[in-house]
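Please look at the chain below before reading on. The paragraphs that follow lead from a pair of helices to the sheet, the core and the overall dimensions.

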Amino acid sequence: MLDYHVHTHYCRHASGEAKEYVIEGINKGLKEIGISDHYPMCHLPQLSYDDYSMDQQEFPSYKREVDQLKKIFNSKIDVKLGAEVDYLKAKESTLRKNLTSEDVDFLMGVIHLLDNWIIDDPRNTHKYLEYDLNTFYSRYFDEIQNLIRSGLFDIVGHIDVIKKFNHIPDEGIERYIMPCLESIADKGLCLEVNTSGIDRPVKDTYPGKKFFKIMFEMGIPITLGSDAHKPSEVGRHFEAILKLLKNAGYSELISFKNREKELTKI
Ligand SMILES: [Zn+2]
Ligand SMILES: [Zn+2]
């Protein structure tokens, strides 16, 4: 079993050292853990809060720390070095430049930012009321399509996090998410099944459980992430979700080494 979405204190809104997450992973029987803290948001516009990611100059020490953990825990668990990276079409060329020199095991592309505010921050939920949800969803998933086409990432993370606070258009999410799943299948990209949404107002995974079978039938490779922001959240809800993924047909999860895909049986 693996967990490919784990944060650390570096991002300023999670608690615990990377080492504590690794130890928690070992205690929960994981064979592999991908540390994927928030990549520096230096390529993004200035935001109202400054506790979303580490600073640019901290990334080297984050990498060094995770690389050391690989060696220390080598016999107990496979530690991988990754990052959760904010994509924005308008900043794609800067981001591309920044990412070319990063020697990591995997990069997870996500969208947190639309119209210069972070859409999954509980401090911003009132902002949803200012929008027509159909328009807002269209724009969010257009940006997800841009992320997929960019070719910058190994994994698409929490693909429909826009539903986190349960602001969902009347017609549902299918018409927005399906074209993105098709693009992911075309590109052979890996899709994260993120279990953190179960603990949020929407009470569902990202993407939702009802898509698991469709994803399998489309041939979409998946990985699993808890989006842990404290060590105790490592591997949260994995047992129940794995059962559903197996029922949908999945028998393998994807992991990465030096940005190359590897398969892990579930
Ligand atoms: Zn976070
Ligand atoms: Zn995220």
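The axes of helix H4 (residues 133-150) and helix H5 come within 10 Å and cross at roughly 0°, where axes are lines fitted to C-alpha atoms, for helices over the stretch in contact, and angles run from 0 to 180 degrees between N-to-C directions. H4 and H5 are therefore roughly parallel to each other, a term that applies to angles under 35 degrees. Across this pair, residues of H4 including Tyr137, Phe141 and Ile148 meet residues of H5, among them Tyr176, Cys180 and Ile184; a contact requires that the C-beta atoms of two residues, placed from the backbone, lie within 7 Å.

This is a predicted model, in which local features need pLDDT of at least 70 and side-chain atom pairs count only at pLDDT 80 or more, while totals for chains, interfaces and linings use all residues. Residues are numbered from 1 along each chain as its sequence is written, and chains are lettered from A and ligands numbered from 1 in the order in which they are written.

The secondary structure comes to seven helices and eleven strands, which are DSSP runs (H or I of at least four residues for helices, E of at least two for strands) numbered from the N terminus. Seven strands form an open, parallel sheet in the order E1-E2-E3-E4-E7-E8-E9, with strand E1 (2-6) and strand E9 (222-225) at the edges, each pairing on one side only. Strands count as paired if DSSP finds at least two bridges between them; strand E8 (residues 190-194) and E9 pair in the parallel sense over four bridges, and the bridge partner of Leu191 in E9 is Ile222.

Leu191 and Ile222 also belong to the largest nonpolar core, of 69 residues, and are among the members that touch the most others, as are Val85 and Cys180. Such a core is a set of buried Ala, Val, Leu, Ile, Met, Phe, Trp, Tyr and Cys residues joined through C-beta atoms within 7 Å. Leaving aside neighbours within four places in sequence, Val85 is in contact with Tyr39, Leu107, Met108, Gly109, Val110 and Phe153.

Buried residues make up 42% of the 266 residues in the chain, a residue being buried if 20 or more other C-beta atoms lie within 10 Å of its own, exposed if 12 or fewer, and partly exposed in between. Ile173, in the loop between strand E7 (155-156) and helix H5 (174-187), is partly exposed, with 19 other C-beta atoms within 10 Å.

Along its principal axes the C-alpha trace spans about 50 × 45 × 30 Å.

Notes
Angles under 35 degrees count as roughly parallel, over 145 as roughly antiparallel, 65 to 115 as roughly perpendicular and the rest as oblique.
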